[in-house]
Amino acid sequence: QAQLRESGGGSVQAGGSLTLSCAGSGYTYRMDCMAWFRQIPGKEREGVAAITFDGNSTYTDSVKGRFTIAQDSAKNTLYLQMNSLKPEDSAMYYCAADRIRRTPCNTETTRGYHAWGQGTQVTVSS
């Protein structure tokens, strides 16, 4: 029932910034956990950032200090502000939401999420 749709991806030079958005629809209930993941061809999906309904956030080490996850519950929208982008940040970025989180809300696993978006491509050139 719940649907997520990412936007804001594109091409940017190294050192630049992008803001990704994830708009939710088809639900009015609170999500315990929302998160951003990314994936490049030939590699497993990687957790980037996660945030609980009450605003506690977690980041993978490679983006800490450069990326910021935020949410606007009133708009059912999740954001990922990405600064100081590097070529290794290039990937398809996905957002995910978990209605009732039975494990910690972090970037360690892709399992258990209630809904996934279709992804938005981010390409960082050197």
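This is a predicted model: local features need pLDDT of at least 70, side-chain atom pairs count only at pLDDT 80 or more; totals for chains, interfaces and linings use all residues.
The secondary structure of the protein chain consists of 11 strands and zero helices. Read from the N terminus, the order of elements is therefore β-β-β-β-β-β-β-β-β-β-β. The C-alpha trace extends over about 40 × 25 × 25 Å along its principal axes. For a chain of 126 residues, a compact globule would have a radius of gyration near 14 Å, and the 13 Å found for the protein chain agrees with this. Buried residues make up 43% of the 126 in the protein chain. Among contacts with a separation of 6 or more, 59% are between residues 24 or more positions apart.

Strand 8 (residues 77-82) pairs with strand 3 (residues 18-25) in the antiparallel sense, and six bridges join the two. Strand 8 is also paired with strand 7 (residues 67-72), again in the antiparallel sense and over six bridges. Tyr-79 of strand 8 illustrates both pairings: Ser-21 stands opposite Tyr-79, and Ala-70 stands opposite Tyr-79 as well. Strand 7 and strand 8 form a hairpin with four residues between the strands. In this hairpin, Asn-76 adopts a positive phi near 50°.

The largest pocket holds about 190 Å³ of space. Its lining comprises 13 residues, of which Tyr-29, Arg-30, Met-31, Ser-73 and Asn-76 are the closest to the centre of the pocket. Strand 7 and strand 8 are the elements that contribute two or more residues to this lining. By residue class, the lining of the largest pocket contains six nonpolar, five polar and two charged residues.

Gly-9 is located in the loop that lies between strand 1 (3-7) and strand 2 (10-13). Leaving aside residues up to four places away in sequence, Gly-9 touches Leu-20, Thr-120, Gln-121 and Val-122. Gly-9 and Asp-89 are 80 residues apart along the chain, and their C-alpha atoms are separated by 12 Å.

Terms used: Residues are numbered from 1 along each chain as its sequence is written. Side-chain values use heavy atoms; hydrogens and water are left out. Two strands pair if DSSP finds at least two bridges between them. On a 1 Å grid over the protein atoms alone, a cavity is a set of points where a 1.4 Å probe fits but cannot get out, and a pocket is an open set with protein on both sides within 12 Å along at least five of seven lines; lining residues have an atom within 4 Å of a point. Grid points are joined across faces, edges and corners, and a volume is the space filled by probe spheres set on the points. Ala, Val, Leu, Ile, Met, Phe, Trp, Tyr, Cys and Pro count as nonpolar, Asp, Glu, Lys and Arg as charged, and the others, Gly among them, as polar. The radius of gyration is taken over C-alpha atoms; the globule rule is 2.2 Å times the number of residues to the power 0.38. Buried means under 20% relative accessible area, exposed over 50%, partly exposed in between (1.4 Å probe, protein chains only). Contact means heavy atoms within 4.5 Å.
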